[in-house]
Amino acid sequence: MPARNLVIVLLTAIVALACNQKVQRYRYANTITEAVTTIEQRYVEPVDPRRLFEDAMSGMVQRLDPYSSYISADRYQQFQESLNQEFGGIGIMVEGPPRVPRMTVATPLVGTPAYRAGMVAGDIILEIDGQSTEGMSLEDAVKLMRGEKGSPVNLLVQHPGSEETQAMTILRDTIPVESVLGDRRRPDGSWEYVLEDEPSIGYIRITTFGERTVSELRDVLQAADPAIKAWILDMRGNAGGLLHSAVETCDLFIDEGTIVSTRGRGGRIQQEFFATTDMAIDPSTPVVVLSDRFSASAAEIVAACLQDHNRAVVVGERSFGKGTVQNILELDRGRSALKLTTARYWRPSGQNIHRVEGASEDDEWGVRPNEGMEVKLEEEEYTQVRIQRRERDLMSGAEQSTTVEPDAQDSSDNDKSPPENERTTTDPESSQPNSEGANSEDMNSKDVVTETENAEAGGNEDASSETATQPIEDRQLQRAIQYLHERIGGDVDRQAA
């Protein structure tokens, strides 16, 4: 046989073998299709084939690990909104039964359509587009108030202290979701980033790591009062976010060295991220990171990096120990997606962060507080500190008497239980009250180190049953303040209480 013919025969055989292997590999697809068709045709009750498909997808992924999941079409937009920190709405935070009798505005966001229209904290929303809010769930109310930019929503409201009602038509706009919060709200609803009784100590709480987090944080640091001599980064309850956002946050505080590395299948290094010289604050400024048992993923990347580079001291509790990266892979022409674990990440010291199943307290995982900086809170103490923090978030200086009841805490809290499936990509992604609170860079390759749908996954207790009693000292925050006093010494200018 001529050599040319022999080559052709060999190539044909190789292609045939490859095709056969591919058919063998995907032979299960035909079985799945057959099962869906059989159920649809023969089950005792009618079944939506789309639901069967989505249940099959969810079941396929959920056995991989706790953080991989199928994001259905009706949840994907919410997921994108939570990561991109913006949505179409009117710009209010709302509370609903059972914590308040009727749908109530906790606070309007500064500069939003609701704010410009004159809505105030304490407004009771009686109707949304003609639908009574009596008995309406918070989730349903939020869905009604969200919508396309420029579209109208008609509200019937009752202002606090008045028996009269007012009809309001508000045009929706793109509403940014805050992820960088301060110590308290000013009378105009904006944030004050200095501790109330410690004018030399700046305070920043990062609730999630979204698309806008780094720019928000940089703006706060660069606009800070020169009198601030130290900073506290509070990442307690922060369940994660985007990998690049965590990396760029670290880069604001260090100017050299490794930030984090990711390793894929077989332990092979996929990516290493290094600091640049573009810092946002003086490298000599003392920094404390507050961490707790629910600080996870992106929050752990930041805490570990700053601790390993001796750029910050970690105060509080050992973090959650979630050291995996999820990649968002679009399906169905961008209508749904897989959130798939594709790598684990490692801190600059080369130590592991991920807590594997069966790991003990003595094993290496998570981020531990620095020596002498561990402050563990009992469950009841933790709950009360969180409630007090939430009340402070909701109240602006001019509205404290009308904002919320003393036991108010919004139903979107996700930090009561460890991040399990995904962090709540509902608006609570930001740990804020339900806001009616997303464009995205290419979501096909977006690395997510977050647990964005914890509440939907059932990992969240009903926070509405929690009630604040008497004020309780935040011992973790006080330990951070004590440490910073020791660092900045006589430079502290205490403000009279």
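This is a predicted model: local features need pLDDT of at least 70, side-chain atom pairs count only at pLDDT 80 or more; totals for chains, interfaces and linings use all residues.
Residues are numbered from 1 along each chain as its sequence is written, and side-chain values use heavy atoms, with hydrogens and water left out.

The secondary structure comes to 11 helices and 23 strands, where helices (H or I, at least four residues) and strands (E, at least two) are DSSP runs, numbered from the N terminus. The accessible surface of the chain, computed by the Shrake-Rupley method with a 1.4 Å probe, comes to about 23,400 Å², and 48% of that belongs to carbon and sulfur atoms.

Two packed helices are described by the angle between their axes and the distance between the axes. The axes here are lines fitted to C-alpha atoms, for helices over the stretch in contact, and the angles run from 0 to 180 degrees between N-to-C directions.

Helix α8, residues 243–251, packs against helix α9, residues 298–308, at an angle of about 25 degrees, with the two axes 9 Å apart. That makes α8 roughly parallel to α9, given that angles under 35 degrees count as roughly parallel, over 145 as roughly antiparallel, 65 to 115 as roughly perpendicular and the rest as oblique. The crossing of α8 with α9 is right-handed; a crossing has that name if the near helix is turned clockwise from the far one by less than a right angle, and is left-handed if the turn is anticlockwise.

Which residues make the contact between α8 and α9? On the α8 side they are Leu243, Ala246, Thr249 and Cys250, and on the α9 side they are Ala298, Ile301, Val302, Cys305 and Leu306, with contact meaning heavy atoms within 4.5 Å. Sorted by class, the contact of α8 with α9 has eight nonpolar residues, one polar and no charged ones. For those classes, Ala, Val, Leu, Ile, Met, Phe, Trp, Tyr, Cys and Pro count as nonpolar, Asp, Glu, Lys and Arg as charged, and the others, Gly among them, as polar.

Helix α8 also has a contact with α7, and here the axes come within 9 Å and cross at roughly 20 degrees. That makes α7 roughly parallel to α8, and α7 passes α8 in a right-handed crossing. The contact is made by Thr213, Val214 and Leu217 of α7 together with Ser245, Glu248 and Thr249 of α8, and these residues divide into two nonpolar, three polar and one charged.

Is α8 largely enclosed or open? Seven of its nine residues are buried, so α8 is largely enclosed by the rest of the structure. The buried ones are Leu243, Ser245, Ala246, Val247, Thr249, Cys250 and Asp251. Glu248, which is found in helix α8, is partly exposed at 37% relative accessibility, and its C-alpha atom is separated by 9.4 Å from that of Val302, 54 residues apart along the chain.

Met373 is found in the loop between β22 and α10, and at 8% relative accessibility it counts as buried. Not counting residues up to four places away in sequence, Met373 touches Val313, Val314, Val315, Gly316, Arg479 and Tyr483. Pro160, in the loop between β7 and β8, is partly exposed at 36% relative accessibility, and, leaving aside neighbours within four places in sequence, Pro160 is in contact with Val120, Ala121, Gly122 and Asp123.

Technical notes: Buried means under 20% relative accessible area, exposed over 50%, partly exposed in between (1.4 Å probe, protein chains only).
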